[in-house]
Amino acid sequence: MTLAGVKRAEAELLVPTYDRQPVLFRRGRGCYLWDAAGRRYLDFLSGIGVNALGHGHPAVRRALAAQAGRLLHVSNLFYHDYQAALARRLAKISGLDRVFFTNSGTEAIEGALKLARAYARLHSSNGHKPRWRILALENSFHGRTFAALAATGQKKYRAPFAPLVPGVRFVRFNDVRDLERQFDSSVCAILVEPIQGEGGIQPLTREFFARARALTRRGNALLIADEIQSGLCRTGRWFAYEHYGIQPDIVTVAKPLAAGLPLGAILARERVALAFHPGMHGTTFGGGPLACAVALAFLETIERERLLARVRRVGGYFRARLEELKKKYDWIREVRGLGLMVGVELALPGKAIVREALARGVILNCTHDTVLRFLPPYIVTERQVDNVIATLEEVFAGVDAEQRSAKKK
Ligand SMILES: *Cc1c(COP(=O)(O)O)cnc(C)c1O
């Protein structure tokens with residue numbers, strides 16, 4: 001089918017939840033994608049931070065092919081070879097002890113919130129009502145299911161579905177006083193993204209993150225870090241919280257974990273994880289042999305190809321080049337991010353820029369209306385960064401000319 005044909009069929013047949021860009025992709029290799037007409041695109045979004053080794057990486061293809069021929073699924077009623085092996089790797093890199101596997105990010109959040117409630121109930125002192133409240137942050141994003149949505153501090157996602165799961169309060173972003181004011185003996189967990197992703201690539205301040213850690217530690221509550229977007233080498237460390245020198249009690253991961261297959265995980269400290277008993281939580285698909293085998297190959301590849309250092313180096317180069325662009329245009333407000341998690345805040349809507357870049361063969365997206373977001377694969381090169389910068393220069397020059405003529409009128 002052609003793009004027009006697919007577009008027409010989807011418009012009739014799909015639940016209308018997506019406003020897609022008009023491109024029909026057929027194949028990918030490395031940092032490039034090709035559409036149905038054979039046009040090539042440089043992928044600086046990686047399927048929203050998922051295809052972290054790019055497309056068609058040999059290690060991923062090998063693991064996939066080998067496991068596809070052996071065993072796809074057995075359910076969690078039985079053992080297979082890869083959950084323990086993958087859990088051991090994840091425990092080692094996170095400083096945590098135990099793992100529960102899910103199929104997505106939002107499911108990892110759901111499970112993490114249930115775990116926090118179960119832990120609070122188990123450890124409530126005699127005669128006291130267990131801690132139950134979750135403190136989340138304004139402007140956050142944690143997913144679309146009911147509890148994850150209840151913890152998502154953005155009205156546009158929540159409003160159509162109220163009433164949501166009760167028990168969540170929102171703290172003003174990076175406002176330490178507000179955090180201290182709202183943290184009381186009803187709070188069982190503070191949930192944060194160390195760097196807000198959908199919220200516009202907004203890092204927590206050191207002071208705020210440290211205060212959340214200190215309050216939860218002293219109050220026997222839990223600190224949950226949502227690393228679904230920022231985790232697993234995206235920022236040049238295994239986890240963004242490492243940049244802050246903070247160890248959370250629970251960490252959620254997903255997006256790049258199985259390099260393109262759906263897989264997420266909850267990582268937890270021993271004492272916290274043991275609040276779940278057999279039967280309290282579960283999933284049919286989560287942690288299947290195929291996804292886990294590929295995830296192991298993904299983590300091994302990061303080490304073998306020394307991608308942590310590469311993400312730091314190329315990410316630093318990318319942000320420096322974006323800073324050069326910022327000097328030229330007064331409507332570029334700020335360049336933010338760490339490693340290859342990069343945002344450019346504009347004083348104008350970013351949608352048209354995304355469209356223009358796409359028309360020139362560069363894929364990025366816009367989040368929070370005015371923030372251009374880049375999540376390129378970890379294997380990206382400085383030359384590919386230069387190509388993207390050259391395209392952005394063209395697009396930005398056009399926007400600038402428009403801005404000037406609008407001002408004259
Ligand atoms: C994408 C994302 C989620 C939701 O993950 P899904 O896999 O889409 O369910 C949750 N939290 C953060 C920080 C995310 O970026």
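Select Arg 336 and Glu 334. Their side chains meet in a salt bridge, with N and O 2.8 Å apart. A salt bridge here is a side-chain nitrogen of Lys or Arg within 4 Å of a carboxyl oxygen of Asp or Glu. This is a predicted model: local features need pLDDT of at least 70, side-chain atom pairs count only at pLDDT 80 or more, and totals for chains, interfaces and linings use all residues. Residues are numbered from 1 along each chain as its sequence is written, and side-chain values use heavy atoms, leaving out hydrogens and water.

Now check exposure. Buried means under 20% relative accessible area, exposed means over 50%, and partly exposed lies in between (1.4 Å probe, protein chains only). Arg 336 is buried at 7%. Glu 345 is buried too, at 17%. Glu 334 is partly exposed at 38%.

**The sheet**

Helices (H or I, at least four residues) and strands (E, at least two) are DSSP runs, numbered from the N terminus. The four strands form an open sheet in the order 13-14-17-16, with antiparallel pairing. Two strands pair if DSSP finds at least two bridges between them. Which strands stand at the edges? Strand 13 (332–338) and strand 16 (365–367) do; each has a single partner strand, so one side of each is left without a neighbour in the sheet. From one strand to the next, the twist averages 30°.

Zoom to strands 16 and 17. Strand 17 covers residues 371–374 and pairs with strand 16 over three bridges, in the antiparallel sense. Find Thr 367: Val 371 in strand 17 stands opposite.

Axes are lines fitted to C-alpha atoms, for helices over the stretch in contact, and angles run from 0 to 180 degrees between N-to-C directions. Contact means heavy atoms within 4.5 Å.

By the salt-bridge rule, the count comes to 19. One of them joins Arg 98 and Glu 270, at 2.8 Å from N to O. Arg 98 lies in strand 4 (98–102) and Glu 270 in helix 10 (270–273), so the pair ties together parts 172 residues apart in sequence. Arg 98 is partly exposed at 39%. Glu 270 is partly exposed at 31%. Then select Arg 177, Glu 180 and Arg 211, which are linked in a network of salt bridges.

**His 57**

Go to the loop between helix 2 (46–49) and helix 3 (58–70), where His 57 is found. Is His 57 buried or exposed? It is buried, with a relative accessible area of 9%. Not counting residues up to four places away in sequence, His 57 touches Thr 301 and Glu 305. A polar contact of 2.9 Å joins the side chains of His 57 and Glu 305. A polar contact is a pair of N or O atoms within 3.5 Å; within protein, one must be able to donate a hydrogen and the other to accept it, and residues adjacent in sequence count only if both atoms are side-chain atoms.

**Last stop: two helices**

Show helix 4 (83–94) and helix 11 (289–304). They pack at an angle of about 35°, their axes 9 Å apart. Residues that meet there include Leu 86 and Ile 93 in helix 4, and Leu 296 and Leu 299 in helix 11.
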